[in-house]
Amino acid sequence: MDEQKERENAMKKAYTERLIAIEADADLTILEKQDRIDAQPKKITPYIVYTNLNRERFNERSCSVFVYTPYANVDKYGHSKTDYQSELLFEYSAWDNEIHMTVLETLGSESQLAFYDFQNHGMAQLAIINLLKIARKINVTEIEGNVSSFDGEGLKKVIYLLSKFGFKFDIQDKKQGLASFKLKLE
């Protein structure tokens with residue numbers, strides 16, 4: 001078996017194992033998945049996007065949208081090295097119909113959890129797209145949040161990404177990478 005086929009088989013095994021684990025966890029909900037493997041992906045494939053949001057437990061307000069991929073995440077035994085590579089943290093206020101996001105260098109390639117540079121592969125976009133789907137489904141009227149990117153370059157990346165989805169920014173300190181943002185939902 002050639003090296004490419006071995007890598008694909010290892011990715012399929014890791015993907016399947018992670019999918020089974022997520023489906024078995026009653027606290028997690030799969031939002032989107034793609035099981036196709038591309039040899040040279042422009043966007044990461046395969047992937048699983050899932051959340052721990054549970055509307056039944058309003059007092060547990062801190063939630064996340066996670067993005068997992070076996071791409072560059074498989075050890076020599078065909079197991080995932082980490083459970084997810086991208087995590088978008090948010091708090092849901094059922095009483096106010098609002099979501100508050102906090103971006104602390106965890107969006108996209110800046111993640112402390114990522115051991116591979118996932119920049120420009122679409123993982124952060126997958127998390128945001130699915131957060132917006134959740135927000136619309138549960139009738140959220142506003143998403144607002146803060147960015148603490150530690151520098152202006154990180155802030156530029158976050159502004160570029162979130163602006164694609166209509167978020168408006170108020171920059172407090174460009175050099176330090178501090179800003180707030182808001183998106184009104186119809």
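Let's start with helix 3, residues 152-163. With 12 residues at 1.5 Å a residue, helix 3 should span 16 Å, and its end C-alpha atoms sit 16 Å apart, so the two agree. Keep in mind that this is a predicted model.

Which residues of helix 3 are buried? They are G152, G154, L155, V158, I159, L161 and L162. Their cover includes helix 2 (123-137) along with strand 5 (98-103), strand 6 (142-148), strand 7 (168-173) and strand 8 (178-184).

## Strand 5 and its two partners

Strand 5 pairs with strand 4 (residues 86-93) in the antiparallel sense, through 4 bridges. One of the residues to look for is E91, whose bridge partner in strand 5 is H100. The hairpin of these two strands has 4 residues between them, and N97 takes a positive phi near 55 degrees there.

Strand 5 also pairs with strand 6, this time parallel, over 6 bridges. Here M101 has G145 in strand 6 as its bridge partner.

## Aromatic pairs

The whole structure holds 4 aromatic pairs. Take F66 and Y84: their ring centres are 4.6 Å apart with planes at 50 degrees, so this pair is tilted. F66 belongs to strand 3 (residues 62-68) and Y84 to the loop between strand 3 and strand 4, 18 residues apart. Ring pairs also link Y50 with F66 and Y84 in a cluster.

Now for F167 and F181: ring centres 5.6 Å apart and planes at 85 degrees, so the pair is edge-to-face. F167 lies in the loop between helix 3 and strand 7 while F181 is in strand 8, so the pair ties together parts 14 residues apart in sequence. F167 is buried at 3% relative accessible area, and F181 is buried at 2%.

Conventions:
Residues are numbered from 1 along each chain as its sequence is written. This is a predicted model: local features need pLDDT of at least 70, side-chain atom pairs count only at pLDDT 80 or more; totals for chains, interfaces and linings use all residues. Side-chain values use heavy atoms; hydrogens and water are left out. The expected span of a helix is 1.5 Å times one less than its number of residues. Buried means under 20% relative accessible area, exposed over 50%, partly exposed in between (1.4 Å probe, protein chains only). Contact means heavy atoms within 4.5 Å. Two strands pair if DSSP finds at least two bridges between them. Rings of Phe, Tyr and Trp (its six-membered ring) pair if their centres lie within 6.5 Å; planes under 30 degrees apart count as stacked, over 60 as edge-to-face and the rest as tilted.
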